[in-house]
Structure formats: structure tokens, C-alpha cells
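Please read this briefing alongside the sequence and the three-dimensional view shown below.

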Amino acid sequence: MTTISSAAASPARSSMLGGLLRLLRIGGDALATYWVRREAIKTLRQLDDRTLRDIGISRCHIETAVTGDLDIELVRIR
């Protein structure tokens, strides 16, 4: 006896939907990260040079400090 099932088509459809949802989540996370970083940069730019020096960065290193690309040992302010 042979049984034909429609379940074989379902995993491909489910996989496509899962892929789309994953892509949307990744895009949403990237956009949220961008907004948070832009807000942090805006806030740091409003600080005076003495306050920036107190937290260990100079004005020209604000963006790299926010993105995490700044190597503190190489740009230590004296």
C-alpha cells in the first residue's frame, strides 16, 4: 500500500518562512544597534573636553570608541 503525503512540501515552505523571519530579525537588530550608536555619539559630542578626558577618550575618537574599534592603550590621553 502506498501513501502520498503533503508533508514533504511543508519543510521547504517552513524553511523559507524561517529564513525570512531570521533576515528580518537580523535587519531589525542592525537598525536598532545603529540608532543606539548614533545616540551615544550625539551624547558624547555634547560633553566638554575635560569630561571626555575623564572617561578616557578624546573628541576625535568618539565614533571609534562607540563602535568598539578604539584601542585605549594606543591613544591614551596624558
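Leaving aside its neighbours within four places in sequence, which residues is Leu 52 in contact with? With contact taken as heavy atoms within 4.5 Å, Leu 52 touches Leu 44, Leu 47, Ile 57, Arg 59 and Ile 62. This is a predicted model, in which local features need pLDDT of at least 70 and side-chain atom pairs count only at pLDDT 80 or more, while totals for chains, interfaces and linings use all residues. Residues are numbered from 1 along each chain as its sequence is written, and side-chain values use heavy atoms, with hydrogens and water left out.

**Confidence**
- The mean pLDDT (the predictor's confidence in each residue, from 0 to 100) is 83 for the protein, and 73% of the residues score at least 70.

- Buried here means under 20% relative accessible area and exposed over 50%, with partly exposed in between, using a 1.4 Å probe and protein chains only.
- In soluble globular proteins, nonpolar side chains tend to be buried together.

**Salt bridges**
- There are two salt bridges, each defined as a side-chain nitrogen of Lys or Arg within 4 Å of a carboxyl oxygen of Asp or Glu.
- Glu 63 pairs with Arg 45, their closest N and O atoms lying 2.6 Å apart, and this pair links distant parts of the chain, since Glu 63 belongs to helix α3 (residues 62-67) and Arg 45 to helix α1 (residues 10-45), 18 residues apart.
- Both partners are partly exposed, Glu 63 at 38% relative accessibility and Arg 45 with a relative accessible area of 46%.
- Asp 49 forms a salt bridge with Arg 59, with 2.9 Å between the closest N and O atoms; Asp 49 lies in helix α2 (residues 49-55) and Arg 59 in the loop between α2 and α3, so the pair ties together parts that are 10 residues apart in sequence.
- Asp 49 is partly exposed, with a relative accessible area of 46%, and Arg 59 is also partly exposed, at 37% relative accessibility.

**Ala 40 and Glu 63**
- Ala 40, in helix α1, is partly exposed at 29% relative accessibility.
- Ala 40 and Glu 63 are 23 residues apart in sequence, and their C-alpha atoms are 8.9 Å apart in space.

Note on methods: Helix = DSSP H or I, 4+ residues; strand = E, 2+ residues; numbered from the N terminus.
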